[in-house]
Amino acid sequence: MTLWEMVAVLAAGAGAGAINAVVGSGTLITFPVLLAVGLSPVTATVSNGLGLVPGALSGAFGYRRELAGQRARVLRLGVVTGIGAVIGAALLLTLPESAFEAVVPVLVGMALVLVVLQPRISRAVKRRHERASRPHPEGGVPLLVGMGLASVYGGYFTAAQGIIYLSLMGSLIDDTLQRLNAVKNVLAAIVNGVAAVFFLFVADFDWTAVLLIAVGSTLGALAGAAVGRRISPTVLRAVIVTVGTAALVQLIVR
């Protein structure tokens with residue numbers, strides 16, 4: 001890489017870290033930049049996944065206050081997301097590159113629909129829980145299955161996995177969006193970390209890109225967490241839809 005290419009990757013990492021801490025889909029910033037500096041799609045995806053691990057941990061640390069009292073929830077969902085991440089990472093290295101180029105726009109579009117409909121879905125879920133004799137406040141099996149499938153996708157490409165996590169948890173768990181966003185950051189760190197360990201042993205990656213994204217995403221995530229905590233649920237949802245729409249457009253026209 002040239003000096004300016006390194007600066008571009010570092011800046012992209014910072015932007016991705018900030019967006020991931022607040023919403024998700026920061027990969028849609030780093031991935032095109034890595035392609036532009038000459039990395040192949042799979043190498044770019046693997047390098048990006050490795051580089052975003054420190055940023056995901058930084059974002060989780062930034063939301064540590066909102067994580068209070070959620071240890072059981074994080075452990076339960078963390079096991080599911082970790083298993084899904086391994087499956088997704090394995091698929092990335094075995095399926096052709098054209099496969100995720102076709103599937104990713106569909107998944108991002110579905111996530112956007114869930115985010116837009118999330119308040120209505122939450123009200124419907126709440127009414128169903130009230131009518132049920134023994135409601136499940138943590139989403140039950142549907143949430144575990146949904147989060148597992150979302151984590152397969154996260155280990156496969158990672159773009160907008162945070163949007164999918166937030167839409168699923170927001171629809172099936174009766175809690176504030178900020179607290180769920182804190183859980184999302186931890187789960188994203190688990191997915192990226194598990195996939196990173198997998199990639200270290202079986203995939204090719206670019207260490208320069210990894211280190212630049214790691215530094216940038218760590219700093220960006222801390223800034224994003226500080227800003228994201230002060231955003232109202234309505235504004236945060238609007239940010240999610242805006243970023244998700246931009247990600248979808250970028251995937252379609254790329």
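The structure holds three cavities of 30 Å³ or more. Keep in mind that this is a predicted model, so everything here is computed from its atoms.

Let's start with the largest cavity, which holds about 180 Å³ of space. Its lining counts 19 residues, and those nearest the centre are Asn-20, Ala-56, Gln-161, Ala-188 and Asn-192. Which elements give two or more residues to that lining? They are helix 1 (3-22), helix 3 (41-62), helix 7 (161-172) and helix 8. Helix 3 gives the most, with five residues.

Now for Asn-185, which sits in helix 8 (residues 177-202). Is Asn-185 buried or exposed? With a relative accessible area of 3%, Asn-185 counts as buried, because the cut-off for buried is under 20%. Leaving aside residues up to four places away in sequence, Asn-185 touches Asn-20, Ala-21, Ala-56, Gly-59, Ala-60 and Tyr-63. Two of these names, Asn-20 and Ala-56, also turn up among the residues nearest the centre of the largest cavity.

Helix 8 has a packing partner too, namely helix 4 (residues 71-94). Two packed helices are described by the angle between their axes and the distance between the axes. Here are those values, along with the make-up of the contact.

| Helix 4 with helix 8 | Value |
|---|---|
| Angle | about 40 degrees |
| Distance between axes | 8 Å |
| Crossing | right-handed |
| Nonpolar residues in the contact | 19 |
| Polar residues in the contact | three |
| Charged residues in the contact | one |

Who meets whom? On the helix 4 side, the residues include Arg-73, Leu-77, Gly-78, Thr-81, Gly-82, Ala-85 and Leu-93. On the helix 8 side, they include Leu-180, Val-183, Leu-187, Ile-190, Val-194, Phe-198 and Phe-199.

Stepping back to the chain as a whole, how many helices and strands are there? The protein chain has ten helices and zero strands, and reading along the sequence gives the pattern α-α-α-α-α-α-α-α-α-α. Of the 254 residues in the protein chain, 51% are buried, and Asn-185 is one of the buried residues. Finally, take the contacts between residues at least 6 apart in sequence: 83% of them join residues at least 24 apart.

Note on methods: Residues numbered from 1 in each chain as written. Predicted model: local features only at pLDDT ≥ 70, side-chain atom pairs only at ≥ 80, totals over all residues. Heavy atoms only, no water. Helix = DSSP H or I, 4+ residues; strand = E, 2+ residues; numbered from the N terminus. Buried < 20%, exposed > 50% of the residue type's maximum accessible area, 1.4 Å probe, protein only. Contact = heavy atoms within 4.5 Å. Axes fitted to C-alpha atoms, helices over the stretch in contact; angles between N-to-C directions. Left-handed = near helix turned anticlockwise from the far one by under 90°. Nonpolar A, V, L, I, M, F, W, Y, C, P; charged D, E, K, R; others polar. 1 Å grid on protein atoms, 1.4 Å probe; cavity = no way out; pocket = protein on both sides within 12 Å on 5 of 7 lines; lining within 4 Å. Points joined across faces, edges and corners; volume = space filled by probe spheres on them.
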